[in-house]
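Have a look at the sequence and structure first.

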Amino acid sequence: MTRLFKNDYSELADERIIEAIKKHLNEQHKAYGLDEHSENAKGYIRKTFDVPNADIHFLAGGTQTNMVTISYFLKPYEAVIACDTGHINVHETGAVEASGHKIITCKNKDGKIKPEDIEHQMKLHTDEHVVKPKMVYISNSTESGTIYTKKELEDIRRICDTYSLYLFIDGARLGSALTSKACDYTKEFFGNIADIFYIGGTKNGLLIGEALVIKNKELSECFRYHIKNRGAMLAKGFLIGIEFEEAFKDGLYFELAKQSNETSEYIKEELKKANIVFDSDSPTNQQFIILPNEKADKVIKEFGCELWEKREKEKVIRIVTSFSTKKEDCDEIINFIKEL
């Protein structure tokens, strides 16, 4: 069977995650994330990111986590600022808007938002006749596969502090960002730059699950009520707790992310040797190549790659590697494209 490169969540889970679940098959646990495994996982996460006082909640998926978080932190008349390619704006079917909050978009540059864009929006929204911006949303890594530098994160944090804005980081592919060769900061730095961030498990070798980290406990006083109210409280929350416990107790989470980055880098290097043109310079597990329409269609059909952008005579297609991608899998798609 041909290996697909459509996304990084088509496989069930890493074997070690499945074994951890099997190990605890016959145990009984407290429901709704109040179990021992979830508490252990929270401890490992707090230590990894140097956030000893953080409040941590486990949710099933990224869209759910974004919607629940944004709708909790914003008042009815408040809005979130994001770049136009941000996941909440283009790939979540209006979930944030359906919760009653406007997304104020800024034009992206390499999938990122800039401090001056945030400041510009603050100067446009100055009275009660328009929504009040209260949060900045960014993804790391971004929808374009890029990551924020330390300086970029510090600059965004500074502008957020200037205007009393929450900084919320979507970490659906956080493992890929933090293990990228382009990453110039530590996990501890990252853990303390945002008010709220989440650690994606669904796209990094876990069965399901995201770990939402709220740095200031005072900000999440009634957050569990809100999770339940939004239909996002998983009865068998210990399932996600077991997964994150296994993923963070000895660094497995970052091992899996590194694997996806390394295979992605291999594909990029080999295709560049064949003079394939890339739409962006991604240092993570997503690569975006430009091919003539007919050739792009053949790659999409054979390997399930997602059509990212349709142009007049060519297409941008996305190649995504995962925790289980092997070098021989990469060779298949590399050789196929070279033969085209």
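## Ground rules

This is a predicted model, so to speak of local features takes pLDDT of at least 70 and side-chain atom pairs count only at pLDDT 80 or more, while totals for chains, interfaces and linings use all residues. Numbering starts from 1 along each chain as its sequence is written, and side-chain values use heavy atoms, with hydrogens and water left out.

## The seven-stranded sheet

Seven strands make an open sheet, ordered β1-β7-β6-β5-β4-β2-β3, with mixed pairing. Strands here are DSSP runs (E, at least two residues), helices are runs of H or I with at least four, and both are numbered from the N terminus; two strands pair if DSSP finds at least two bridges between them. At the edges sit β1 (55-59) and β3 (103-106), each pairing on one side only. On average, neighbouring strands are turned by 25 degrees against each other, direction ignored.

Strand β2 (residues 78-83) runs parallel to β3, joined by four bridges, and I81 stands opposite I104 in β3. Helix α7 (residues 150-162) packs on this sheet, touching β4 (132-139) and β5 (166-170), and its direction makes about 145 degrees with that of β5. Contact means heavy atoms within 4.5 Å; axes are lines fitted to C-alpha atoms (for helices, over the stretch in contact), and angles run from 0 to 180 degrees between N-to-C directions.

## The four-stranded sheet

The order β8-β9-β11-β10 describes an open sheet of four strands with antiparallel pairing. Its edge strands are β8 (277-278) and β10 (306-310). Four bridges link β10 to strand β11 (residues 314-320), and E309 has V316 in β11 as its bridge partner. Helix α13 (residues 293-303) packs on the sheet, touching β9 (286-292), β10 and β11, at about 135 degrees to the direction of β9.

## Cavities

How many cavities of 30 Å³ or more are there? The count is two. A cavity is a set of points on a 1 Å grid over the protein atoms alone where a 1.4 Å probe fits but cannot get out; lining residues have an atom within 4 Å of a point. Points join across faces, edges and corners, and volume is the space filled by probe spheres set on them.

The largest has a volume of about 60 Å³, with C83, H87, Y137 and E143 among its lining residues. β4 gives the largest share of that lining, three residues.

Methods:
1 Å grid on protein atoms, 1.4 Å probe; cavity = no way out; pocket = protein on both sides within 12 Å on 5 of 7 lines; lining within 4 Å.
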